[in-house]
Amino acid sequence: MSDCKSPRNFVSEHIDILPKSGIRKFFDIVSTMKDVISLSVGEPDFVTPWTIRESALFSLEKGRTSYTSNLGTLSLRKAVCDYLARDYAVEYDPKSECLITVGVSEALDLVIRAITAPGDEIIFHEPCYVSYVPEIRMAHGVPVSVNTYEKNAFALDPDDLEKAITPRTKAILLNFPCNPTGAVLTYEQTRRIAEIACKYDLLVIADDIYSELTYGERTPCIATFPGMRERTVLLHGFSKAFAMTGFRIGYACGPQKVIDAMMKIHQYTMLCASVTAQDAAEEALKNGCNAMASMRQEYLERRNVIVKGFNEIGLPCLTPNGAFYVFPNITSTGMTSQEFAVELLKRKNVAVVPGDAFGECGSGYIRCSYATSMEGIREALKRIGDFVNEIKNK
């Protein structure tokens with residue numbers, strides 16, 4: 001057909017300009033290489049505990065292979081709400097204030113789309129999880145970052161947060177313990193943020209996916225502070241604490257009107273999470289907490305080794321109080337984060353993630369996950385130490 005034109009670019013502009021994940025970039029490279037020690041991907045190296053896997057098998061054996069309610073099975077929603085009431089001191093109605101999602105990533109997407117009109121501003125802290133900015137932009141919102149700093153242990157300063165608020169601000173997105181820094185908020189910082197949310201009538205989206213992986217006393221959930229239950233959407237899941245990444249199962253709890261709006265989007269896109277994964281998640285909440293505590297203790301031991309190792313190498317590294325990441329400062333090498341990560345991978349077969357993949361204020365840092373074996377951590381530290389010595393002795 002001589003009059004057939006060459007295809008134009010059919011991709012919408014706001015999607016076309018989105019960058020690909022800096023984490024996955026290195027993961028894809030690593031997957032093609034041999035003898036690589038990967039500290040790059042935030043996935044537990046533990047196998048899902050046996051009782052959870054067994055419940056998934058039993059669910060299939062019973063022939064539970066159909067759709068569930070869009071909200072998720074009522075038994076899982078009850079188990080989620082019982083767990084939050086017991087461990088987080090916040091109560092939700094399982095029939096109307098809880099939504100089971102395909103991982104916490106879907107829950108994040110749903111809540112941002114449910115609340116965001118074009119031009120609405122969502123405030124978040126950086127360095128932050130790589131999905132936050134793209135999620136907000138895909139909903140035609142405006143991402144507004146507030147930098148956090150090593151000198152403050154990468155905690156969000158409530159004063160800096162308040163300065164970023166404008167008449168267009170709709171919500172505050174929090175992730176503590178934080179990916180990529182492992183930072184946590186103190187009680188006083190959380191209380192101040194709650195007061196700011198109430199003062200300016202803002203919603204708080206609490207991405208609490210790492211909250212069980214806190215080393216020491218856990219700061220209360222922000223939804224428990226005065227006036228906050230009705231303006232907080234709590235996002236959580238099973239991937240990190242229960243080593244269930246492949247099950248893709250999460251949940252959101254919050255005000256009925258917001259949960260209902262999220263459910264509408266979920267209903268027309270995902271329909272429901274896998275019933276097999278839902279049955280496994282229910283078992284995790286009922287009988288998986290001992291295994292979770294055991295994994296947390298192992299992470300704590302690994303954290304102490306990797307922090308000590310980086311500091312001995314000469315790359316200053318704070319001791320994180322949550323999650324399973326460290327965020328060492330590599331500025332003394334004279335290399336950018338990207339240069340350091342690329343050269344380390346090429347020359348020593350160790351994969352880390354450049355800190356600026358998590359926001360510009362992550363420049364000068366690298367993120368390293370200690371969700372890998374102690375043997376792997378020790379060998380990675382040896383190779384990184386050799387790499388740094390080679391650089392400094394050039």
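Visitor: Leaving aside its neighbours within four places in sequence, which residues is Phe-340 in contact with?

Guide: This is a predicted model, in which local features need pLDDT of at least 70 and side-chain atom pairs count only at pLDDT 80 or more, while totals for chains, interfaces and linings use all residues. Residues are numbered from 1 along each chain as its sequence is written, and side-chain values use heavy atoms, with hydrogens and water left out.

Apart from those sequence neighbours, Phe-340 is in contact (heavy atoms within 4.5 Å) with Leu-315, Ile-330, Thr-333, Met-335, Ile-366, Ile-384, Phe-387 and Val-388. Phe-340 belongs to helix 12, residues 337–348; helices (H or I, at least four residues) and strands (E, at least two) are DSSP runs, numbered from the N terminus. With a relative accessible area of 0%, Phe-340 is buried, a word that stands for under 20% relative accessible area with a 1.4 Å probe and protein chains only. Between the C-alpha atoms of Phe-340 and Gly-119, which are 221 residues apart along the chain, the separation is 37 Å.

Another buried residue is Ser-59, whose relative accessible area is 1%. Ser-59 sits in helix 3, residues 50–61, and, when residues up to four places away in sequence are not counted, Ser-59 touches Arg-64, Val-275, Thr-276 and Asp-279.

Seven of them form an open sheet in the order 2-8-7-6-5-3-4, with mixed pairing, where two strands pair if DSSP finds at least two bridges between them. Strand 2 (98–101) and strand 4 (142–147) each have a single partner strand, so one side of each of these edge strands is left without a neighbour in the sheet. From one strand to the next the twist averages 20°, taken from axes that are lines fitted to C-alpha atoms, with angles running from 0 to 180 degrees between N-to-C directions.

Strand 3 (residues 121–126) is largely enclosed by the rest of the structure, because six of its six residues are buried. Glu-121, Ile-123 and His-125 point one way, Ile-122, Phe-124 and Glu-126 point the other way, and all are buried. Six bridges pair strand 3 with strand 4 in the parallel sense, and Ile-123 stands opposite Val-144 of strand 4.

Strand 5 (residues 169–174) runs parallel to strand 6 (residues 203–207), joined to it by four bridges, with Leu-203 as the bridge partner of Ala-171. Strand 6 is joined in turn to strand 7 by four bridges, and these two strands run parallel; here Asp-207 stands opposite Leu-235. In strand 7 (residues 232–237), six of the six residues are buried. Strand 7 and strand 8 (residues 250–253), by contrast, pair in the antiparallel sense over four bridges, and Leu-234 faces Cys-253.

The second largest pocket has a volume of about 320 Å³, and among its 18 lining residues Pro-19, Val-130, Val-133, Pro-134 and Ala-357 are the closest to its centre. On a 1 Å grid over the protein atoms alone, a pocket is an open set of points where a 1.4 Å probe fits, with protein on both sides within 12 Å along at least five of seven lines, and lining residues have an atom within 4 Å of a point. Helix 6 (residues 132–138) gives the most to this lining, with four residues.

Definitions and conventions: Points joined across faces, edges and corners; volume = space filled by probe spheres on them. Buried < 20%, exposed > 50% of the residue type's maximum accessible area, 1.4 Å probe, protein only.
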